[in-house]
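This briefing is written for a reader who has the sequence and the model at hand. The points below are grouped by topic.

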Amino acid sequence: MQNNEIAALINRVAIGDRKAFAALYNATSPKLFSICLRILKDRADAEEALQEIYVRVWQRSRTFAVDTGSPLAWLAAIARNHAIDILRARKPVAEDLDDAYDLADDGILNPEQQVAMADEGRRIDNCMQELDSVHAGAVRRAYVEGLSYLELAEELKVPLNTVRTWLRRSLLKLRECMQR
Amino acid sequence: MTSGEQSQGRRPQDEILAGEYVLGVLSLEARHAVEQRMASDRAFARIVERWQADLASLNDEYEDVAPRPVVFSRIETRLFGPTRAVAPSSGLWNSAQFWRWLSLGTSAVAVAAIVYASGAGPKPQRSAPLVAELSSTNSQISLLASYDAGNGRLRIVPVAAGGREEKSLELWLVPGSGNPRSLGVFQPDRAGELVIPADLRGNIAEGATLAVSLEPFGGSPTGVATGPVVASGVARRP
């Protein structure tokens, strides 16, 4: 289904259209369910999460604005956020609140400034390729599986602070690359 | 570098924090702190939204997996109660014409129907008026409509009206099929009462959809809505 069709369905859901809600569910639930499964790694938990996610989609559909981005990205964010919240609640991670971000200011544009170049902006994929491949892999796994810094450190067998520095530097490099 | 709240130097830290939030590496407490800040700091919320959009192509890694069919019926039960499956409605929302003119409105006018819960049971008393609250998320205008089937009077009470000079509001009945029918014109700044044409009275019942559009003074010159739909709602027995 095209993005604009999904956006139209969300707008119909916003005024209480249950048929549109069913159509939206049919079109998008396989993707959102996949997100839940990948992050929660348990089918029953994923089904439970999916229910809550679509309840939120129904409730928040009024806040969806076409100009804030693709409707699928909006839906995926709701799904990822909920699945990650469940994961973190299930398995809390200790966090030292903050150790200084000793990273230089690379002259990051604010979002408004960047809007003008959004169309010709590079896709994140190109920018990921500019990262060290190990770092890019860490970014990807963190996102796709919802891993915490600690889990990433264990998986990658490096100290926690190292993986944190990798990700933070990668984020700044990605931002710099995206607006180049 | 300090972590000065409002200083110029906070931008890289904000970029990182927002990116970490979207990646998902933060603790639950830190995630909640980010969400609270998004609610109060629009500039920061924009940074988070930008990461969300930028990283969205990583969603391609999630390959479709269909959930069991029972999941959707559970969702419907949670949202709409245990009574029935997908709306067997006569297609109130299927009027292509309605959607065409709805889309004329700005996207900011996400229309919401806040409906009064029924306390009257399955067989509502005939004397109880129908009430619909018509509202929109931009909250410039919110209206309460109540309809007395006994005398065909539909009362409109603006709950909050913005400054809309030289404009009229026009109330429409949105049928299951065919064009929306005008029920009359009223001014945004005061309560009004419309007498519904007798041939339309039968159509105003529970579940009927009412919508309000912003029109030139005196109402739509063409007989179909020309301005944005500022509110719509479904009538329910209060």
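Of the 238 residues of chain B, 32% count as buried. The model is a predicted one. Chain A has 180 residues, of which 38% count as buried.

**Make-up of the two chains**

- Chain B contains 6 helices and 9 strands.
- Chain A, by contrast, has 9 helices and 0 strands, and its pattern along the sequence reads α-α-α-α-α-α-α-α-α.
- In chain B, 61% of the contacts with a separation of 6 or more are between residues 24 or more positions apart.
- In chain A, 65% of the contacts between residues at least 6 apart in sequence join residues at least 24 apart.

**Contact between the chains**

- The contact draws 65 residues from chain A and 51 residues from chain B.
- On the side of chain B that touches chain A, the elements giving two or more residues are the helices α1 (10-23), α2 (28-40), α3 (42-54) and α4 (69-80), together with β1 (111-114) and β9 (229-234) of chain B.
- Sorted by class, that side of chain B holds 27 nonpolar, 13 charged and 11 polar residues.

**Nonpolar cores**

- The largest nonpolar core has 65 residues, and those with the most contacts inside it are Leu32(A), Cys36(A), Leu40(A), Ala83(A), Ala142(A) and Leu167(A).
- Helix α2(A) gives the most to this core, contributing 10 residues.
- A second, separate core has 19 residues, among them Ala211(B), Val212(B), Leu214(B) and Ala231(B).
- When neighbours within four places in sequence are left aside, Ala142(A) is in contact with residues of both chains: Leu147(A), Leu152(A) and Leu167(A), and also Leu23(B), Gly24(B) and Val25(B).

**Helix α2 of chain A**

- Helix α2 of chain A covers residues 18-40, and its end C-alpha atoms are only 28 Å apart, whereas a straight helix of 23 residues would span 33 Å at 1.5 Å a residue.
- α2(A) bends by about 55° at Thr28(A), and the proline Pro30(A) follows within four residues.
- Just after α2(A) comes Lys41(A), with a positive phi of about 55°.

**Two lysines with positive phi**

- Lys41(A) has its positive phi of about 55° although it is not a glycine.
- Lys41(A) is placed in the loop between α2 and α3 (43-60) of chain A.
- Is Lys41(A) buried or exposed? Lys41(A) counts as exposed because 12 other C-beta atoms lie within 10 Å, and a residue is exposed if that number is 12 or fewer.
- Lys157(A) also is a residue other than glycine with a positive phi, near 55°.
- Lys157(A) lies in the loop between α8 (149-156) and α9 of chain A.
- Lys157(A) is counted as exposed because it has 7 C-beta neighbours inside 10 Å.

**Met178 of chain A**

- Met178(A) is located in helix α9 of chain A, which covers residues 160-178.
- Met178(A) is buried because 21 other C-beta atoms lie within 10 Å, and a residue is buried if there are 20 or more.
- Met178(A) and Asp125(A) are 53 residues apart along the chain, and their C-alpha atoms are separated by 9.9 Å.

Terms used. Residues numbered from 1 in each chain as written. Chains lettered and ligands numbered in written order. Predicted model: local features only at pLDDT ≥ 70, side-chain atom pairs only at ≥ 80, totals over all residues. Contact = placed C-beta atoms within 7 Å. Nonpolar A, V, L, I, M, F, W, Y, C, P; charged D, E, K, R; others polar. Expected span 1.5 Å × (residues − 1). Bend = angle between axes of the 7 residues up to and from the residue. Core = buried A, V, L, I, M, F, W, Y, C linked by C-beta atoms within 7 Å.
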